[in-house]
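Take a walk through one protein chain, a few residues at a time. Start with the view below, then follow the text.

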Amino acid sequence: SQNSVPIYNKDTLIAYVDGSFDVNTNRYGSGVVIFFQDKTYEFNNAGNSPDLVEMRNVAGEITGAVMAIKFAIKQKAKNIVIFYDYAGIEEWAEGNWKANKAGTQKYKAFIDSARPYINIGFEKVKAHTGDTFNERADILAKNAWYFFKYSSDLLLLCPMLKVSISA
């Protein structure tokens, strides 16, 4: 169902990733919802890296996937399955699409460097079709740049990473 967590073994981390972009602030946002060993984690992040910002919401998608993989490795997961709605997340990672831009080249290089530490799989979901966790990742991505837009100047100097954990 679109409202239940996919079932995998205890060594597999499930991550839903999504991205967004705000034209007013020229910032992309990433949202990640993770399920691992009976816990749920949520992350979001916003940025305006010159290598990524030209890709708009795709930058958020890529950043979300990277955040999820880094988290999975840190948690000592053996496998990660990334649920995504933008095909490039899988296509660049698997080498099916040529990575022409600096941001996609860095993404592909990161994936290749992570593979010795974790098995990486991908599952496509349709965007905006009621998939609960994809929709939650979308909201987290939008909230990331929203908070950047309305935060104090001090917060704008620091990358934003919010984490919430529920059992």
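At 10% relative accessibility, Phe122 counts as buried. Buried means under 20% relative accessible area, exposed means over 50%, and partly exposed lies in between, with a 1.4 Å probe and protein chains only. Phe122 sits in strand S5, residues 119-124. Helices (H or I, at least four residues) and strands (E, at least two) are DSSP runs, numbered from the N terminus.

A word on the source. This is a predicted model, in which local features need pLDDT of at least 70 and side-chain atom pairs count only at pLDDT 80 or more, while totals for chains, interfaces and linings use all residues. Residues are numbered from 1 along each chain as its sequence is written, and side-chain values use heavy atoms, with hydrogens and water left out.

What does Phe122 touch, not counting residues up to four places away in sequence? The list is Ile82, Tyr84, Ile89, Glu90, Ala93, Glu94, Tyr107 and Arg115. Contact means heavy atoms within 4.5 Å. Take Glu94 from that list. Phe122 and Glu94 are 28 residues apart in sequence, and their C-alpha atoms are 9.7 Å apart in space.

Now step back to the whole chain. Contacts between residues 24 or more positions apart make up 67% of those with a separation of 6 or more. The chain has six helices and six strands. Along the sequence they follow the pattern β-β-β-α-α-β-α-α-β-α-α-β. Of the 167 residues, 48% are buried. The chain exposes about 8,600 Å², and carbon and sulfur atoms supply 53% of that area. Accessible areas come from the Shrake-Rupley method with a 1.4 Å probe; for residues, only the protein chains shown count as cover.

Next comes the largest pocket, with a volume of about 330 Å³. Of its 15 lining residues, Thr63, Val66, Met67, Lys70 and Phe110 are the closest to its centre. H2 gives the most, with seven residues. By class, the lining has nine nonpolar, three polar and three charged residues. Here Ala, Val, Leu, Ile, Met, Phe, Trp, Tyr, Cys and Pro count as nonpolar, Asp, Glu, Lys and Arg as charged, and the others, Gly among them, as polar.

How is a pocket found? On a 1 Å grid over the protein atoms alone, a pocket is an open set of points where a 1.4 Å probe fits, with protein on both sides within 12 Å along at least five of seven lines; lining residues have an atom within 4 Å of a point. Grid points are joined across faces, edges and corners, and a volume is the space filled by probe spheres set on the points.

Thr63 counts as buried because its relative accessibility is 13%. A polar atom of its side chain lies 2.7 Å from the backbone oxygen of Ala59. Beyond its neighbours within four places in sequence, Thr63 is in contact with Tyr28, Ser30, Asn45 and Leu52.

Finish with two loops. Most residues other than glycine have a negative phi. Asn26 is not a glycine, yet has a positive phi of about 60°. Asn26 lies in the loop between strand S1 (12-22) and strand S2 (27-36). Asp38, in the loop between S2 and S3, has a positive phi of about 65° and is not a glycine either. Are these residues buried, partly exposed or exposed? Asn26 is partly exposed, at 39% relative accessibility. Asp38 is exposed, at 77%.

Methods. Polar contact = N/O pair within 3.5 Å; in protein donor to acceptor, adjacent residues only side chain to side chain.
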